[in-house]
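Visitor: I'd like to learn how to read a fold like this one, feature by feature. Could you walk me through it?

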Amino acid sequence: MPIRLYNSLTRSLQDLEPRTPGVVTMYHCGPTVYSSPHIGNFRSFLFADVLRRFVEDQGYRVQQVMNVTDVGHLTNDDIESGEDKMEAASRKTGLTAWDIARKYEAEFHDCQHKLFVRLPHHMPRATEYIAQMGAIIDDLLQKGVAYQTNGNVYFEVARFPGYGKLSGKVLEELEAGARVAVNEEKKDPRDFALWKVDPKHQMQWDAPFRSGVRGFPGWHIECSAMSMQLLGPQIDVHTGGEDNMFPHHECEIAQTEAHTGKPFVTIWMHARHLLVDGTKMSKSLGNFFTVADILGKGYSGLELRYALVRVQYRQALNFTLKGLDEARAAIGRVQQCRQRLVRVRDGLERAGADDLAAACTAANDAFTAAMQDDLNVSGALAAVFDFVALANKAPVSVTGAKAALAVFARAEDVLACFGPEPKADATSDAPAELLALLEQRKAAKKNKDFAAADRLRDQIAAAGWRIVDAPTGARLERT
Ligand SMILES: [Zn+2]
């Protein structure tokens, strides 16, 4: 069975059929690095990661690019007004726009690492592709689909008949929206900037195209230049958040296709906005969380990842702190099951006769079918938990334990939200401070201070672990 994905361009599910058999090219609109990444950003980035992982699981080779926008993204991009986000952050903090960009890019990479993202093959910075943007701008000017006024270069939307095909926005709607920001320089209010001139802007380049003026690029041209340079003129899959669809992706299509004369992207995919406590995340509502905020509350990157990927990318996902607790419990159930299987495999627990052969095949098939169905992660997780229930009940043989562990390892390879295979003795996985509490409890019990022992047990339980008193000594397991 092929992988079926929802294409925003055709508004239908379609089979993934890469242009080059066996190789899938993917481009993801990456972060604009002017502030700490928030969990809404990461819903979209983790969706891209799960997509890549599953496509690889299905035997394809993936070429994946995620850009870093470090110049040109305006605070009010839908009507092309406002300030460059880097410059605005610079004004507020006193750091230079360049320092802002590097600081938050580093923070973004740190979050990718903490959330177990398989790193894209390329993570280009827009500021390092100015020459490639210039070559496209030059060509669009030559072709007469772009024009220059006072040094600024605009794409002339009326010269590209396909404009609006992705977002479905009709001409009148676009004109009404564009009227909000009247710009006398534009021939048509819908036209968008490819190059801007502003002597006050901190990030400036000599124009990389003929008869141009020193300035900086518009946001949309950046993604066209980087994707074409790194993946070629036509790519298989392009993703972003739903807010990227218009104007950003619409503009990417216009300028890229006007430049190459070929369809740019086969499948456009858009992740839905994350809701927090049932509403859109906003600083004024107090429901705005950066990745660091959540980790600072004592949740792990794995728990946050689980909470953000557990629902299919096109479905509404309501994020709550309770959801993180549920994620912790769900991960614990899987890891506990895996640990028992490890103990059976390693001869530390008595083996039964069940080789789980049919159950393993069924679990793998159900997992695959759900993921092939437009990355239905909740369906895939249901397959995992059905399998947990079954494996927990079965008197598993050593062969069965090995096969079952392979089912979990494969699910982990695709979703990366359970963690590595647990050790036979979970105590070795437990955080050092909990191991210290366990030692204190052993001492308390030895001294017959049962009140203290109980208190220590409760403290350990509050951290999500329980004490198992085995003949070989007490050990910790996740609850
Ligand atoms: Zn983009």
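Guide: Let's go from the overall layout to the local details.

Guide: First, some ground rules. This is a predicted model, where local features need pLDDT of at least 70 and side-chain atom pairs count only at pLDDT 80 or more, while totals for chains, interfaces and linings use all residues. Residues are numbered from 1 along each chain as its sequence is written.

Visitor: How many helices and strands are there in the chain?

Guide: The chain has 15 helices and 17 strands. Helices (H or I, at least four residues) and strands (E, at least two) are DSSP runs, numbered from the N terminus. The C-alpha atoms fill a box of roughly 85 × 50 × 35 Å along the principal axes.

Visitor: Which domains does the assignment give?

Guide: Domain 1 covers 4–271, domain 2 covers 292–415 and domain 3 covers 426–478. Those bounds come from an automatic or database domain assignment. Taken over C-alpha atoms, the centres of domain 1 and domain 3 are 52 Å apart.

Visitor: What share of the residues counts as buried?

Guide: Of the 479 residues, 46% do. Buried here means 20 or more other C-beta atoms within 10 Å of the residue's own, exposed means 12 or fewer, and partly exposed is in between; C-beta atoms are placed from the backbone.

Visitor: Now strands, please. How do they pair?

Guide: Strands of a sheet pair through backbone hydrogen bonds, either parallel or antiparallel. Here, two strands pair if DSSP finds at least two bridges between them. Take strand 9 (residues 192–196): it pairs with strand 8 (residues 152–155) in the antiparallel sense over 3 bridges, with Phe-155 opposite Phe-192. Strand 9 also runs antiparallel to strand 10 (residues 216–217), joined by 2 bridges, and there Trp-195 stands opposite Pro-217. Since 4 of the 5 residues of strand 9 are buried, the strand is largely enclosed by the rest of the structure.

Visitor: How do I read the faces of a helix?

Guide: An α-helix has 3.6 residues a turn, so residues three or four places apart point the same way. Helix 12 (residues 377–393) is our case: its 17 residues reach 25 Å from first C-alpha to last, close to the 24 Å expected at 1.5 Å a residue. That expected span is 1.5 Å times one less than the number of residues. Its buried residues include Val-377, Ala-380, Val-384 and Phe-387. The face turned away from the buried side carries the exposed Ala-389 and Lys-393.

Visitor: What do the buried residues of helix 12 pack against?

Guide: They pack against helix 1 (39–57), helix 9 (301–309), helix 10 (321–345), helix 11 and helix 13 (398–415). From helix 11 (residues 357–372), look at Phe-367. Phe-367 counts as buried because it has 25 C-beta neighbours inside 10 Å. Beyond its neighbours within four places in sequence, Phe-367 is in contact (C-beta atoms, placed from the backbone, within 7 Å) with Ala-380, Ala-383, Val-384 and Ala-411.

Visitor: Where does the largest nonpolar core lie?

Guide: A nonpolar core is a set of buried Ala, Val, Leu, Ile, Met, Phe, Trp, Tyr and Cys residues joined through C-beta atoms within 7 Å. The largest has 124 residues, and those with the most contacts inside it include Val-50, Ala-380 and Val-384. Helix 1 gives the most to this core, with 10 residues. Domain 1 and domain 2 both contribute, so the core lies between them. A second, separate core of 8 residues includes Ala-430 and Leu-438.

Methods. Contact = placed C-beta atoms within 7 Å.
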